[in-house]
Each structure stands twice: as structure tokens, then as C-alpha cells.
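Dear colleague,

Please find below the structure that I am handing over to you.

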Amino acid sequence: MHPSQQRRAPAYGALDLGTNNCRLLIARPSPDGFTVVDAYSRVVRLGEGLLEAGRLSDAAMDRTLAALSACSEKLARRDVRLTRNVATEACRRASNGLAFVERVYQETGIALDVISAAEEARLAVLGCHVLIDGDGPPALVFDIGGGSTELMLVAPSGVGDAPPAIIEWISMPWGVVSLAETEPQWPQVADRVDAYDRMLAEMWPWLDRFALKLAARGVNEVQLLGTSGTITTLASVQLGLPGYDRRRVDGCAVDTTALAALCRSIGHSSVAERARIACVGPDRAELIVAGCAILEAILTRWPGGQVRVADRGIREGILRTLMTRDGVWAAGK
């Protein structure tokens, strides 16, 4: 595509409203898939208190509406031709989730599509599957979200530009927000150790059931691919980066044993200690423990080797879908 044609190419938008974050990508088709022209990410904690109350709180909805208003302005300013805006576990689970979706449309003009866990899994895989080794064993792709965690067994064939085949999948009702809300921020280290072990214990039954499904299919070996803020943050810490750098993190491979040990170390530390860790900071200090527990459980259940890290997922999956539908998708990015 000639540069002048690329400038004239229509812009596409992908908005992912999760339990913890509101993220937007705006991109144009390009020879290597797409080029991002604008992005937005804000921690909104839409699902804060949802586990106990069963509904979205007024404060959480107000925070989220402010973020969505900013997204709406970006979409208008970039003259986006086509967008898909998805909402996930918090809106699926909340008793007032659909009422909130209507309010969002009335106040921002953004039409949210509350997608199923199956669609969430499909989009996550579609967004990051180019990092799967086509010559390796089946891939275990996991997406640690705010309100849920999806695990997908993906065939190694169908990489490159072909859509990946999801062989098995599971959605667990534990994400960094929902699991964090089961435990307070304990001041004493012994209490933190016990709390972390309880978080791990919540994960085992789900992971054991999924492992049985894999065994029934004769799958004894997998390649691990993780996407989400949890694994990109922890990979940054493991790599010793002074600050987050997508170019260093996206596509990197990290030793699973070392990463699991890091998860446990951070999981046992205090809020103040976590806040001082580069790439964690005060914004992630509270929720990172639950993410550590979920990630360590996965790495312990499928030990050995390395885990590949993806700073890409649902939004990239949406963009690929929209551009493929319009016949402007060029290649797997």
C-alpha cells in the first residue's frame, strides 16, 4: 500500500471495556496488518464491589462513563469508519449491567456489545495467535482479566494469516478484581502468605478440570502464551525493565519457574513494597497479588519451559475481524 493510500485508508476502532480497564485502539490498514493511529487506556475498576453487591456501583459507573466519553471524543476526532465496542465480565454479571449499557449509549453515543465468555476467548486468541510456534505442540493461551480468566487450547496449525482453531476452552470466574476482593490487604506477612495460598486454592479445581479435558484429548505437552496486564507487568519485572516497554515485552519468552517464583515473592509482599517495584507502581499494587496467584497457579499446573508474553489481545482481534470483513486485512500482524 502506497503511503498516500495509507493516509487515506479508513480508520477502525476497537474498544474493550473490562472489569478493571477501559481500552481503545484506533488503527488503519497497512501492509503488515494495521498501524495504530491512536490509543487510550484507563483503569476504571468497573467491577469494584460487584462480587459482594451483585451490581455496578454509582462511583464505578461514573468513572467508566468519564473514560468512555474520552473514547467517544477520540473516535469522532479520528473519523473512525467502523468500530466494535465490547464489554465483558462485569456487565455480564451485574444485575444493572444492561441498564448501564443503555446509559452509556445515551450519554456517550457508544453502543456496547456485552459479549459472551466464548466470544471473549475467540477474540483474545485471534488477537495474539501469531505468537504461537506453528511447529510446536498445541498452545495453551490464557487471558487473565479483571472479572474472569479464560484458558484456550489452540491448534498450532492455523498460524500465520489463517484463523486459529480453539480445541477446548474454559472461563473461570476469577480475575484480578474478583479474586482480590476475597481478601483484605493484610499488614502482617504471615496473614499475606495465608491469603495468597487461599487465592491459589480457588484456582486449583478449575485448572484440574481443564487439565483433565486436555488429557482426554491426549494432550500431554503445551506451549504457553499469556495475554493481559498481569503477565505483561510481571514479565517486565522479570526482565528488569526500569519502565514498561511494549517493544521489549510483546513476544518475549520468560522462564516459567522463575516467573512463578516472582509471583509468589510479590504475592507475599506488602502494598508499599509492591508499589516500589518498577512496572508495578501504586496503580497496580493492590490488584497485582490476585494476578500473581492466578498466573502462578497456571504456571504450576503446566510447569517447565517458557511462557510467551503477548501485549495484544481482544482489541487486536476486533480490528482483524473488522478489516477482514471489509477485505482490507493484508497479513497477520
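**Findings**

D79 counts as exposed, at 64% relative accessibility (exposed means over 50% relative accessible area, buried under 20%, and partly exposed in between, with a 1.4 Å probe and protein chains only). This residue lies in the loop between α3 (58-77) and β4 (80-87), where helices (H or I, at least four residues) and strands (E, at least two) are DSSP runs numbered from the N terminus. The phi of D79 is near 50°, a positive value in a residue other than glycine.

Please note that this is a predicted model, in which local features need pLDDT of at least 70 and side-chain atom pairs count only at pLDDT 80 or more, while totals for chains, interfaces and linings use all residues. Residues are numbered from 1 along each chain as its sequence is written, and side-chain values use heavy atoms, with hydrogens and water left out.

A positive phi is also found at S228, with a value near 145°. Most residues other than glycine have a negative phi. S228 lies in the loop between β9 and α9 (229-239) and is buried, with a relative accessible area of 11%.

**The sheet**

Six strands form an open sheet in the order β8-β7-β6-β9-β11-β10, with mixed pairing; two strands pair if DSSP finds at least two bridges between them. The edges are held by β8 (166-172) and β10 (253-255), each of which has a single partner strand, so one side of each is left without a neighbour in the sheet. On average, neighbouring strands of this sheet are turned by 25° against each other, direction ignored.

Strand β7 (residues 149-154) pairs with β8 in the antiparallel sense over six bridges, and V154 stands opposite I166 in β8. Helix α11 packs on the sheet and touches β9 (223-227), β10 and β11, contact meaning heavy atoms within 4.5 Å. The direction of α11 makes about 70° with that of β10; axes are lines fitted to C-alpha atoms, for helices over the stretch in contact, and angles run from 0 to 180 degrees between N-to-C directions.

Strand β9 is largely enclosed by the rest of the structure, because five of its five residues are buried. Q223, L225 and T227 point one way from β9, and L224 and G226 the other way. In a regular strand the side chains alternate between the two faces of the sheet. Strand β6 (residues 139-144) pairs with β9 in the parallel sense over five bridges, with F142 opposite G226. Strands β9 and β11 also run parallel, joined by four bridges, and L224 has V307 of β11 as its bridge partner.

**A helix pair and a buried arginine**

The axes of α8 (residues 189-216) and α11 (residues 256-267) come within 9 Å and cross at roughly 130°. That makes α8 oblique to α11, since angles under 35 degrees count as roughly parallel, over 145 as roughly antiparallel, 65 to 115 as roughly perpendicular and the rest as oblique. The contact is made by R192, Y196, D197 and L200 of α8 together with C263, R264 and G267 of α11.

R312 is found in the loop between β11 (306-310) and α15 (314-325). This residue is buried, with a relative accessible area of 15%. The side chain of R312 makes a polar contact with the side chain of D250 (2.6 Å); a polar contact is a pair of N or O atoms within 3.5 Å, and within protein one must be able to donate a hydrogen and the other to accept it, while residues adjacent in sequence count only if both atoms are side-chain atoms.

With kind regards
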